[in-house]
Amino acid sequence: MGPAGDGQRQQIDGTVQEMEMTTKSKQRVWGLAWVATAILLALAGYAIFFVAPRELTMGNIQRIFYVHVATAWCGFIAFFISFFGCIGYLASRQMEWDWLAVATAEVGLMFTTVVLITGPVWAKPVWGVWWVWDARLTTAFILEMLYIAYLLLRKMVTEPGRRAMISAVFGIFAFLDVPLCYFSIRWWRTLHPAPVIGGGPGSGINPVMWHVFLFGLAGFLALTVILVRDRYRMEALRQKISELAADLEEREESLESKEVTR
Amino acid sequence: MSLTRSTGAVLAKELKIELRTHDLTNTVLFFVLMVAGLFSFAFSPTVQESRRILPGLIWLAFFFAGTLMLQLCFVREQVNDTLAALRLAPIDPSAILFGKILANFLFLVVTEIVFVPIFSVFYNVNVWPVMGQLLLVLFLGTFGLSVVGTVFSAMTAQARMRELLLPLLLLPVLAPVLIAGVEATSELLGAHPGIGREWLSMLGGFDVIYVTATWLLSGFLVEE
């Protein structure tokens, strides 16, 4: 093995060591973050069931609002960040942006799924039907379809650079669609309750309910952050593995060619 | 070369290929004819029902025909790697996309001009009094379909399972076009024909937004 090969090996050993060191100290911090989030969510669950007052007309089923609205906000925030990840990748060609885009898209998709499940559970007793095609419901449904398509597209393109670019373009096209969808269906029909928070005069909720909601929102936001971070890290590790594998292959090939020449 | 001239050159090339082979127009015409029949077997509608479901049928038929057709517009460049030659040409990359978008738009428009009367006959709905407005609505929607479809076709040309992938990407993005198009068509075929301005502005707005996005992002789509 020539000096160039040794240099390469040292460099790789260095990267591996560096990774191990940073993971150890960082993992402790993120482990604590996980525990804190779990406690926060458990407390929020307690508050939702035992602290928040019973809603007058809807009864206990209204308690689903705390989860439904909080996850909807988290999902939307995640998709919004994903949109910026896509723009960031196209502007800079740094893989980190692509990792951010995919991490937030996946987490956002999970939250949207929660929204799409909790919504009908609430709607059946209150509206009398599981589902209606109104503006918010349809937009949420199409949002779910768009990001499933985004993840499918990523699965079907293997080369990382190309995948990052194609999916960034798709991510931008998909996100531009969301307001169009929303307005097209709003003009079509709307049944979903008007926003109770910041929805203009006459809207607003009981202060205890508001605090419980904020508490739940904080829990879900914390969950969003750590899930995105874990997913991002997974993507980074995947990249390192494929780099190492490519390097290994290269070395094996050079060894083989040496044996042939000998 | 200016953007208009280079777009025109790409469009002329697409049209020349199509006029020589008739691959796309033949398949799409046959597909829409078959769908027109199949919908009738599936729903066997009465005259009143036809009036109600026809707008949806027309749009779905053209959407599915469009996704089938758009698949090929970049794949057929791969056989002799002619896309590489297009990329080497001293033109703006958006000209390649815009030329193909216009070509696809024209192919679909031809299909629509042929098939709106045929749908009208098959489903016993008189479309003659509103033909002009109906075609305007169809063209606005078809343009949106061509823009997004051509871009996605460029994106998926090198992906695995691309035949399956394109409709999955395209159809959710086209949801606003479908809603606005079907609503506008229903109003035109209803008892008091007219078009709501919001539907026209939705279709037009969709076209403007995605043409702009395509123009901005074309450099990324055509490279490599």
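How many helices and strands are there in chain A? Chain A has 6 helices and 0 strands. This is a predicted model, in which local features need pLDDT of at least 70, side-chain atom pairs count only at pLDDT 80 or more, and totals for chains, interfaces and linings use all residues. Residues are numbered from 1 along each chain as its sequence is written, chains are lettered from A and ligands numbered from 1 in the order in which they are written, and side-chain values use heavy atoms, with hydrogens and water left out.

**View 1. Chain A follows the pattern α-α-α-α-α-α along its sequence.** Helices (H or I, at least four residues) and strands (E, at least two) are DSSP runs, numbered from the N terminus. Of the 262 residues in chain A, 40% count as buried. Buried means under 20% relative accessible area, exposed means over 50%, and partly exposed is in between (1.4 Å probe, protein chains only).

**View 2. A:Leu153 sits in helix H4 (residues 135–156) of chain A.** Is A:Leu153 buried or exposed? Its relative accessible area is 1%, so A:Leu153 is buried. A:Ala246 is 93 residues away along the chain, and the two C-alpha atoms are separated by 24 Å.

**View 3. A:Asp230 and A:Arg229 form a salt bridge.** A salt bridge is a side-chain nitrogen of Lys or Arg within 4 Å of a carboxyl oxygen of Asp or Glu. Here the closest N and O atoms are 3.4 Å apart. A:Asp230 is partly exposed, at 27% relative accessible area. A:Arg229 counts as buried, at 16%. Over all chains, the count comes to 13 salt bridges.

**View 4. B:Lys13 and B:Glu77 meet in a salt bridge, 2.8 Å from N to O.** This pair links distant parts of the chain: B:Lys13 is in helix H1 (residues 3–21) of chain B, B:Glu77 is in helix H3 of chain B, and they are 64 residues apart. B:Lys13 is partly exposed, with a relative accessible area of 25%. B:Glu77 counts as buried, at 4%.

**View 5. B:Arg76 and B:Glu18 form a salt bridge, with the closest N and O atoms 3.9 Å apart.** The pair again links distant parts of the chain: B:Arg76 lies in helix H3 of chain B, B:Glu18 lies in helix H1 of chain B, and 58 residues separate them. At 24% relative accessibility, B:Arg76 is partly exposed. B:Glu18 is buried, at 3%. Salt bridges that share partners join B:Lys13, B:Glu14, B:Glu18, B:Arg76, B:Glu77 and B:Lys100 into one network.

**View 6. B:Phe30, B:Leu33, B:Met34, B:Leu38, B:Phe41, B:Val121 and B:Phe122 form a nonpolar patch on the surface.** Patches are made of residues with over 30% relative accessible area and no salt bridge; like charges are joined within 9 Å, nonpolar side chains (Val, Leu, Ile, Met, Phe, Trp, Tyr) within 5 Å. Together the residues have about 740 Å² of accessible area, a value from the Shrake-Rupley method with a 1.4 Å probe, where only the protein chains shown count as cover for residues. Which helix gives the most to the nonpolar patch? H2(B) does, with 5 residues. Helix H2 (23–43) and helix H5 (93–122) of chain B each supply at least two. B:Leu38, in helix H2 of chain B, counts as partly exposed at 45% relative accessibility.

**View 7. B:Trp128 lies in the loop between H5 and helix H6 (131–156) of chain B.** B:Trp128 is exposed, with a relative accessible area of 58%. The C-alpha atoms of B:Trp128 and B:Pro117 are separated by 8.3 Å.
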